Amino acid sequence: MIPFSSATHLALPAVISLIAFLAYTPQYLFRYIEPGALDQKQSWIFNLLLFCTWVCYARACFTDPGHVPRGWPANDINETLRNSGGMGIDGNNLR
């Protein structure tokens, strides 16, 4: 079995390969199989949506998961938790 740390290093290339395979293979194959190639408008729309997928994945990969943006409305979160009977951000009961 692959150690966990090695498996996490394989996640990024595996997902990139999966997106590329699922996105570009149909465009290539449609030229040679029965439904036919995409027309120019369909090709532009498909590739625009594919570009959006690449941008979203890149942003997900390069976003720091532990960073809280400056000016985050913590009071709004505490108010929501208070109304739902939850605990506050600092762990104190808000009721």
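A polar contact is a pair of N or O atoms within 3.5 Å; within protein, one of the two must be able to donate a hydrogen and the other to accept it, and residues adjacent in sequence count only if both atoms are side-chain atoms. With that in hand, look at Gln27 and Asn47, whose side chains are joined by a polar contact of 3.1 Å. The side chain of Gln27 also reaches the backbone oxygen of Ala23, at 3.4 Å.

A word on the model itself. It is predicted, so local features need pLDDT of at least 70 and side-chain atom pairs count only at pLDDT 80 or more, while totals for chains, interfaces and linings use all residues. Residues are numbered from 1 along each chain as its sequence is written, and side-chain values use heavy atoms, with hydrogens and water left out.

Now step back to the whole chain. It has three helices and zero strands, and from the N terminus on its elements run α-α-α. Helices (H or I, at least four residues) and strands (E, at least two) are DSSP runs, numbered from the N terminus. Gln27 belongs to helix H1, which covers residues 4-29. Counting contact as heavy atoms within 4.5 Å, and leaving aside residues up to four places away in sequence, Gln27 touches Ser43, Phe46, Asn47 and Leu50. Across the chain, 33% of the contacts with a separation of 6 or more are between residues 24 or more positions apart.

How much of the chain is buried? Buried residues make up 9% of its 95 residues, where buried means under 20% relative accessible area, exposed over 50%, and partly exposed in between (1.4 Å probe, protein chains only). The chain exposes about 8300 Å², and carbon and sulfur atoms supply 65% of that area. Accessible areas come from the Shrake-Rupley method with a 1.4 Å probe; for residues, only the protein chains shown count as cover.

Tyr28, also in helix H1, is exposed because its relative accessible area is 53%.

Finally, the cysteines. The structure holds zero disulfides, a disulfide being a pair of cysteine sulfur atoms within 2.5 Å. Cys56 is exposed, since its relative accessible area is 53%, whereas Cys61 counts as partly exposed, at 33% relative accessibility.
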